[in-house]
Amino acid sequence: MPRTDRHPPHRPHPPHRPHPPHPPHPRPDGSEADAGRDVTGHRKAAAGPGPRGGGRRPGEWRARAGWTAAAGAVLALGLVAPGLVPAGAASLLGGALYTALLYTLLSAAAPRLGPWTAGTAALAAGWAVELFQLTGLPADLGRHSRLARLVLGTTFDPVDLLGYALGAAAATALHGLARRPARRGR
């Protein structure tokens, strides 16, 4: 018996496979069309060391070590120096050294910060702690913990606000001066 249908039997199509990415077209100047991809079209690997290094600049660890050493020196000075000067100057000196310590700790944590940013942040933190003393909570905490007393203080003193400003200004100025020779060497 002759076949009446004119179409061949249905065959399933092979499964769909995506095509490999096409390499970018070169620009007239010979560079790649997409700077984030290599000539095969694949993403370029991130520059810098592996996950532990986080892509940091080579001098960043050295800067952190320097700022940490500076924080230790400021802390030692802050524990000793106020007892060596008259009482009126001790309050200003203590406030200035407190802000300088905040500045060095902040710079150790984030060495890429510029002097103005670090100085402003240290001053804002110092003033925030001093204003927090108006609530009375730091005094309550200070009765139970020497560490809380050292970090938060106990009573509000407007002279401390001036001391914090002097410390932030001194730390910012010293940091700025220290950066000048480094910039000339580049």
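Predicted model: local features only at pLDDT ≥ 70, side-chain atom pairs only at ≥ 80, totals over all residues.

**Entry 1: the largest pocket**

I began with who lines the largest pocket: H1, helix H2 (87-109), helix H3 (115-132), helix H5 (146-152) and helix H6 (158-184) each give at least two residues to the lining. Helices here are DSSP runs of H or I with at least four residues, strands are E runs of at least two, and both are numbered from the N terminus. H2 gives the largest share of the lining, 8 residues.

I noted that 28 residues line the largest pocket, and that Gly94, Tyr98, Arg149, Leu150 and Val151 lie nearest its centre. A pocket is an open set of points on a 1 Å grid over the protein atoms alone, where a 1.4 Å probe fits, with protein on both sides within 12 Å along at least five of seven lines; lining residues have an atom within 4 Å of a point. The space in the largest pocket is about 760 Å³, a volume filled by probe spheres set on the points, which are joined across faces, edges and corners.

Residues are numbered from 1 along each chain as its sequence is written, and side-chain values use heavy atoms, with hydrogens and water left out.

**Entry 2: the whole chain**

I counted elements next: the protein chain has 6 helices and 0 strands. Buried residues (under 20% relative accessible area, 1.4 Å probe, protein chains only; exposed is over 50%, partly exposed in between) make up 24% of the 186 residues in the protein chain.

**Entry 3: His175**

Is His175 buried or exposed? I found His175 in helix H6, and it counts as buried because its relative accessible area is 10%. What does His175 touch, leaving aside neighbours within four places in sequence? Its contacts (heavy atoms within 4.5 Å) are Trp67, Tyr103, Leu113, Gly114 and Pro115.

**Entry 4: Gly66**

My last stop was Gly66, which sits in helix H1 (residues 60-80). Gly66 has a relative accessible area of 41%, so I put it down as partly exposed. I also looked at Gly66 and Ala108: they are 42 residues apart in sequence, and their C-alpha atoms are 7.7 Å apart in space.
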